Amino acid sequence: MGLSCMRRLLNRYILREIAVTFSMILLVLTFVLLMGRILQLMDLMINKGIAFADIARLMLFLLPSFLVFTIPVSLLIAILIGLGRLSGDNEITVLKMSGVSLYQLSLPVAVASIAAFLLTAVTTLFLVPYGNHASRNLLYEMTRQKASIGIREKVFIDDFRGILLYADKIPPHGDFLEGVLVSDNRIARESSTIIARRAYLISDPESLAITLRMEDGSTHNVDAGLKNYRKMDFRFYDVRLDFNASFGEDGPAEAKSSRELTAAELVARLRNRSAPEPALREAAIELNQKLAVPLACLIFALLGIPLSIRAHRSVRARGFAIGLALVLVYYLMRLGGEALVETGRLSPVIGTWTPNGIFAVAGILLFLSAARETSPLAALLRRPGMKLPPPSSGDRSSARRPS
């Protein structure tokens with residue numbers, strides 16, 4: 001009874017040490033990632049008249065895509081710092097001398113990693129697709145409700161991809177634009193300049209598209225060699241606006257992108273063999289990522305335990321440095337694998353799961369070597385049923401011979 005109570009207290013102590021550090025690091029990392037979007041969102045609120053409630057909703061929808069990255073990273077750094085502090089204070093050494101093995105010390109870490117795994121799985125499988133789709137719809141609604149979003153009078157606006165827009169006057173109600181000048185550079189060989197007396201922004205709820213409808217104007221085209229000039233007068237002329245550059249999102253589209261699909265929807269898209277090959281590769285990459293990213297929590301925990309039990313004075317600095325270095329290597333490998341998959345040089349399974357496999361093997365070797373207090377190579381060789389060769393007779397004689 002006394003031993004069982006001591007183990008429960010030890011597990012709670014280690015789990016609390018990891019949980020507190022994990023919460024602080026998760027908050028800091030998520031806030032740092034949000035800062036890059038906060039500046040852009042504040043520009044929408046100050047210069048483009050978006051309500052604060054819509055900005056808050058947009059931040060909430062973007063939060064899951066950041067948590068998928070920050071949860072595994074925070075878990076790894078929390079393990080390195082939490083167990084590293086215990087090792088730096090020689091508490092782990094005392095526990096080992098009291099008969100507590102590394103396997104018993106790893107139980108609360110396993111509980112924390114499983115909790116992080118479940119949280120990441122729910123986030124990547126359900127919250128991220130919902131957040132991406134909801135943020136796109138919210139951007140469309142903000143654009144539809146306020147016709148003059150992002151457009152200021154007497155200012156050249158280049159927020160739309162391939163289009164430079166200028167409006168001489170915008171009424172206070174913002175229902176239309178007057179004195180409109182549009183430079184359309186979406187066709188590389190022939191740019192077009194459009195001048196119109198008035199223009200309206202028209203929304204299409206079915207395709208989530210925004211169209212700039214101009215009336216009473218003319219188009220002016222000059223070829224690449226500046227030899228031919230063509231002018232066309234019109235009563236109405238429509239230009240579809242692409243908000244990709246303006247809001248940094250995937251923009252309006254008739255169908256959901258791969259990032260907006262759940263795992264079941266991705267599987268259904270992969271079964272549709274009539275889809276183009278790039279779309280199928282993109283869906284395969286996204287599906288494998290949704291499955292591989294949560295497992296990174298378990299792999300980081302397996303790798304973090306042996307790296308954190310070595311005594312060191314500057315525990316926090318060492319934990320941050322090792323954690324960030326491992327994360328950098330992991331995500332560089334993942335990005336490289338995804339790039340090879342997109343070009344068709346690797347299959348989605350190999351390109352996505354290779355970083356997890358390499359880090360899992362390294363974690364197992366380091367964990368076994370730390371548990372047996374041997375080198376990683378000895379842990380690899382010392383498998384069940386395998387015996388290390390005895391020293392040769394020459395080695396014995398040299399060991400007996402005094403130096």
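Reader: What share of the protein chain do buried residues make up?
Author: This is a predicted model, in which local features need pLDDT of at least 70 and side-chain atom pairs count only at pLDDT 80 or more, while totals for chains, interfaces and linings use all residues. Residues are numbered from 1 along each chain as its sequence is written, and side-chain values use heavy atoms, with hydrogens and water left out. Buried means under 20% relative accessible area, exposed over 50%, and partly exposed in between (1.4 Å probe, protein chains only). Of the 403 residues in the protein chain, the buried share is 41%.

Reader: What pLDDT does the protein chain average?
Author: pLDDT is the predictor's confidence in each residue, from 0 to 100. A score of at least 70 is reached by 80% of the residues. The average over the protein chain is 81.

Reader: How many contacts beyond four places in sequence does the model have for residues 391–403?
Author: Contact means heavy atoms within 4.5 Å. Where pLDDT is low, the predicted coordinates should not be read in detail. For residues 391–403, where pLDDT also stays under 50, the number of such contacts is two.

Reader: How many helices and strands does the protein chain have?
Author: Helices (H or I, at least four residues) and strands (E, at least two) are DSSP runs, numbered from the N terminus. By that count the protein chain has eleven helices, and its strands number six.

Reader: Which element gives the most residues to the largest nonpolar core?
Author: A nonpolar core is a set of buried Ala, Val, Leu, Ile, Met, Phe, Trp, Tyr and Cys residues joined through side-chain atoms within 4.5 Å. The largest has 25 residues, of which Ile14, Ile79 and Val109 touch the most other members. At least two residues of this core come from each of α1, α2, α4, α7 (277–308) and α9 (348–372). With seven residues, the element that gives the most to this core is α2.

Reader: Which residues does isoleucine 14 touch, not counting those up to four places away in sequence?
Author: Isoleucine 14 is one of the residues that touch the most other members of the largest nonpolar core. Beyond four places in sequence, isoleucine 14 touches Leu83, Leu86, Leu105, Pro108 and Val109.

Reader: Is threonine 120 buried or exposed?
Author: Threonine 120 sits in helix α4 (residues 102–145). Leaving aside neighbours within four places in sequence, threonine 120 is in contact with Val68, Ile71, Pro72, Val293, Pro294 and Cys297. Its relative accessibility is 0%, so threonine 120 counts as buried.

Reader: How far apart in space are alanine 362 and leucine 303, C-alpha to C-alpha?
Author: Alanine 362 is part of helix α9. Alanine 362 counts as partly exposed because its relative accessibility is 31%. In sequence, alanine 362 and leucine 303 are 59 residues apart. In space, their C-alpha atoms are apart by 7.1 Å.

Reader: What is the phi of aspartate 216?
Author: Aspartate 216 belongs to strand β5 (residues 209–222), and a relative accessible area of 30% makes aspartate 216 partly exposed. Most residues other than glycine have a negative phi, and most peptide bonds are trans. Aspartate 216, a residue other than glycine, has a positive phi, near 55°.
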